[in-house]
Amino acid sequence: MVPVVPAWRLRAAFARRLSAMYGAEVPAYRTLVQVAGRVNDGVLRASGAAAERLGSIERVTAERHGAIRVGTLRELRQVAQVFAALGMEPVGFYDLRDAPDGAVPVVSTAFRPVRAEELARNPFRVFTSLLTTGDRRFFDAGLQARLEGFLARRRLFPPELLELAEAGEREGGLPEEAAERFLTLAVAAFELSPEPVDRAWYGELARVSAVASDIGGVASTHLNHLTPRVLDIDELYRRMTDRGIAMIDRIQGPPLREGPEVLLRQTSFRALAEPRAFREPDGTVTRGSLRVRFGEVEARGVALTRAGRALYDELAAEPAGVWAARFPRTEHELAVERLAFFTYEPVAGRPRDGARPPRDLAGLLGGGWLAAHPIVHEDFLPRSAAGIFRSNLDHAGARDAGARATAYDRAWLAGRWNGRCTTRSPSAPLSRIPRWRAPCTPSTSRRTSYDPFDRAAEHRRPACPRRGRVAALRRPAPRRG
């Protein structure tokens, strides 16, 4: 029997190789990883087991999330196929277009493992943004037609890669030789291309949005940033600044405060000027630079329920003093007030004192009957993601405030990318679109997550079998009745 490299090992190897590639392309990323590692070591020495309450140090050290941008639904389906071979599924919908400062004409999702055991093995995730070419606030009809024509002519992923990805998803892994080839092709697909950039075309799109030109102004895609996880993001921000590395002006997400970390805090060093070749209107090739890629870092906290998220949204723009007054400072309060997600288990060895267990959660926790374990927030925050993007733009771009926003919403995205990813006919029309199904959320394990696509579920949905989640996004649903 031929040995098979399982999807989680492919995912871990892909994350390592991508990190090595990005470190070679963006040396400041290597500095970011080194500083994050030292900060994590310091927190672990100072706090001991408490530092690992939201994940083992092995997981935190290995954890990365990447970010890529694509231009069409065909490209999105193809990248979904590549990630499916790695055991990564699309979770969440994020609309970044309405950011108050700067034009960011994209909607996004994130590909990641969803089962607790897969997250524990390697939680690599990729925030993936789709250019909204039909949004009249950014693109008039003429520019839309030319942009969509340009995107239709390019090919981001070679057929061999997509065929290997289909085999990997179907079989749950790949034989060693095929796995090596798949990893080589997959990493190469996200390298920065040395091909000259059409200066006039890129510049026309850049006047609309630097994000639009980064996606639609070049003939390939690339890794936009790669993000390690850190246990003390404020200390990392200080150390990076002390090294003379220009950081964005603030840490996105909840403010520094007393109490457990919640949701997600992010920051980055500013996009660096990278040398690029440009093709001028007369056909000559010249040298210049572009500022599009940066280094992000994140600190993850406990996932919040609908009530907790509503409180977070209410306080998002408030100073730390208001947070201190209104947001719980302990995990116990978060659990009792049903503001955050936990799993609960009986306390082993509780003394037999003749007391009967109380019927309320506060009594069970306070009396030592139950232990609460926080569930880490595995996803992203639209406000923070847009803030990171905006902070790394050279200029605000252009937006027609009088034009009507095109309805690129969750239902639109879910409905239109469900067709099967086709390697032999990448330009096949979208047809037989099935009803989209949100990825299921495990509900019985300690390390799980919630799905922003279906926030109302709040961890109450049963775990789904493997078949039918990622696959359902690309295959017609069976008929009923």
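Visitor: What is the handedness of the crossing of α1 and α8?

Guide: A crossing is left-handed if the near helix is turned anticlockwise from the far one by less than a right angle, and right-handed if clockwise. The α1 and α8 crossing is right-handed. By the way, this is a predicted model, where local features need pLDDT of at least 70, side-chain atom pairs count only at pLDDT 80 or more, and totals for chains, interfaces and linings use all residues. Residues are numbered from 1 along each chain as its sequence is written, and side-chain values use heavy atoms, leaving out hydrogens and water.

Visitor: At what angle do the axes of α1 and α8 cross?

Guide: Helices here are DSSP runs (H or I, at least four residues), numbered from the N terminus. Axes are lines fitted to C-alpha atoms over the stretch in contact, and angles run from 0 to 180 degrees between N-to-C directions. The axes of α1 (residues 7-25) and α8 (residues 176-189) cross at roughly 40 degrees and come within 10 Å. Angles under 35 degrees count as roughly parallel, over 145 as roughly antiparallel, 65 to 115 as roughly perpendicular and the rest as oblique. So α1 and α8 are oblique to each other.

Visitor: Which residues make the contact?

Guide: Contact means heavy atoms within 4.5 Å. Among them are Leu 10, Phe 14 and Met 21 of α1, along with Leu 183 and Val 187 of α8. For classes, Ala, Val, Leu, Ile, Met, Phe, Trp, Tyr, Cys and Pro count as nonpolar, Asp, Glu, Lys and Arg as charged, and the others, Gly among them, as polar. This contact has 9 nonpolar, 1 polar and 2 charged residues.

Visitor: How do α7 and α8 pack, and at what angle?

Guide: Their axes lie 9 Å apart, at an angle of about 130 degrees. That makes α7 oblique to α8 as well. Their crossing is left-handed. The classes come out as 8 nonpolar, no polar and 2 charged.

Visitor: Which residues touch the most other members of the largest nonpolar core?

Guide: A nonpolar core is a set of buried (under 20% relative accessible area, 1.4 Å probe, protein chains only) Ala, Val, Leu, Ile, Met, Phe, Trp, Tyr and Cys residues joined through side-chain atoms within 4.5 Å. The largest has 65 residues, and Phe 14, Phe 83, Phe 157, Phe 182, Phe 190 and Leu 236 touch the most other members. Phe 190, for one, touches residues including Phe 14, Leu 18 and Met 21.

Key:
Helix = DSSP H or I, 4+ residues; strand = E, 2+ residues; numbered from the N terminus. Buried < 20%, exposed > 50% of the residue type's maximum accessible area, 1.4 Å probe, protein only. Lists of a residue's contacts leave out its neighbours within four places in sequence.
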